[in-house]
Amino acid sequence: MNASNSQGYYDEFFQTFNEKGWTLFNQKIYTLEDEKVLGSELLLRVGITGSYLDNSAFFPEICNDPRYLEVSFNILNLVEHIISNSPKLFFDRTFVNISPSEIRDDQIFSKLLKIVQLFLKEDKKIVLELSEICKPKEFKEILDKFNKITSNGGEIAIDDYGKGILTYEDFDKIKLSFIKLDKTISTQKSIKNDSLKKMVNYCEVKNICCIAEGLETEASVKKAMENNIFIGQGFHFHKPEKFNS
């Protein structure tokens with residue numbers, strides 16, 4: 001998106017967030033063989049029931065708008081409140097999307113470290129998902145902070161693998177617990193199949209958990225398992241529902 005018109009383009013999102021409100025949704029993540037819940041991902045919905053904004057029209061680029069830092073801080077404040085007062089609402093692992101711009105912000109980073117500790121206190125884990133759309137330069141700028149997250153007990157996941165340009169050498173620089181595979185490569189035979197095999201092998205060697213995203217049918221689950229992926233997320237198992245806070 002052209003930087004000159006991005007300000008106006010994102011106005012709808014921020015105005016809706018402030019005027020109509022927002023809700024956290026929850027989507028469970030399952031083991032494919034026995035369909036046990038591994039954890040869940042928190043998802044942001046902006047607007048009101050029946051007229052939520054389409055996130056795909058704004059993300060991930062909107063995370064680079066300075067105004068999004070306030071949105072992120074509000075979300076983290078809510079997560080902090082819930083883990084402090086109603087920790088049983090969370091599963092053993094809670095996945096939360098995070099962008100380089102948020103990690104770079106000192107106030108948000110301090111909040112994340114606090115939340116990591118609060119989850120550990122309840123014998124739970126917070127998993128920060130970094131989209132692989134992240135540029136290598138941005139990735140290098142946040143390595144130290146990600147390593148601080150993991151050294152304090154948090155976990156890191158790469159999201160949307162198959163869309164971005166990060167390399168195995170990049171992944172080796174941080175302690176990764178999960179790599180979430182975009183559905184275009186995790187469940188289908190395609191020209192990217194060699195890339196899928198290499199990633200699955202890499203995860204096996206590095207003891208990283210592969211998660212197949214976008215599992216919407218029994219056939220997609222079967223294909224993921226044929227590709228040696230045994231954890232998944234998608235409508236076949238669970239449609240996002242309001243996080244009952």
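Biologist: What makes Tyr9 count as partly exposed?

Modeller: Its relative accessibility is 36%. Buried means under 20% relative accessible area, exposed over 50%, and partly exposed lies in between (1.4 Å probe, protein chains only). Tyr9 therefore counts as partly exposed. This is a predicted model, where local features need pLDDT of at least 70, side-chain atom pairs count only at pLDDT 80 or more, and totals for chains, interfaces and linings use all residues. Residues are numbered from 1 along each chain as its sequence is written, and side-chain values use heavy atoms, with hydrogens and water left out.

Biologist: Why does Phe58 count as buried?

Modeller: Phe58 has 4% relative accessibility, so it counts as buried.

Biologist: How many aromatic pairs does a search of the whole structure find?

Modeller: The search gives 18. Rings of Phe, Tyr and Trp (its six-membered ring) pair if their centres lie within 6.5 Å; planes under 30 degrees apart count as stacked, over 60 as edge-to-face and the rest as tilted.

Biologist: Why is the pair of Tyr9 and Phe58 called tilted?

Modeller: The ring centres of Tyr9 and Phe58 are 5.8 Å apart and the planes stand at 50°, so the pair is tilted. Tyr9 sits in helix H1 (residues 3-19) and Phe58 in the loop between strand S2 (37-46) and helix H2 (68-85), so the pair ties together parts 49 residues apart in sequence. Helices (H or I, at least four residues) and strands (E, at least two) are DSSP runs, numbered from the N terminus.

Biologist: What makes Tyr161 and Phe171 edge-to-face?

Modeller: Their ring planes are at 65° and their centres 6.2 Å apart, so the label is edge-to-face. Both Tyr161 and Phe171 are buried.

Biologist: How do you know that H4 and H6 are roughly parallel?

Modeller: The axes of H4 (residues 106-121) and H6 (residues 143-151) come within 10 Å and cross at roughly 20°. Axes are lines fitted to C-alpha atoms, for helices over the stretch in contact, and angles run from 0 to 180 degrees between N-to-C directions. Angles under 35 degrees count as roughly parallel, over 145 as roughly antiparallel, 65 to 115 as roughly perpendicular and the rest as oblique. H4 and H6 are therefore roughly parallel.

Biologist: Why is Asn207 called exposed?

Modeller: Asn207 has a relative accessible area of 69%, so it is exposed. Asn207 also has a positive phi of about 60°, although it is not a glycine.

Biologist: What makes Asn228 partly exposed?

Modeller: Asn228 has a relative accessible area of 43%, so it is partly exposed. Its phi is positive too, about 65°.
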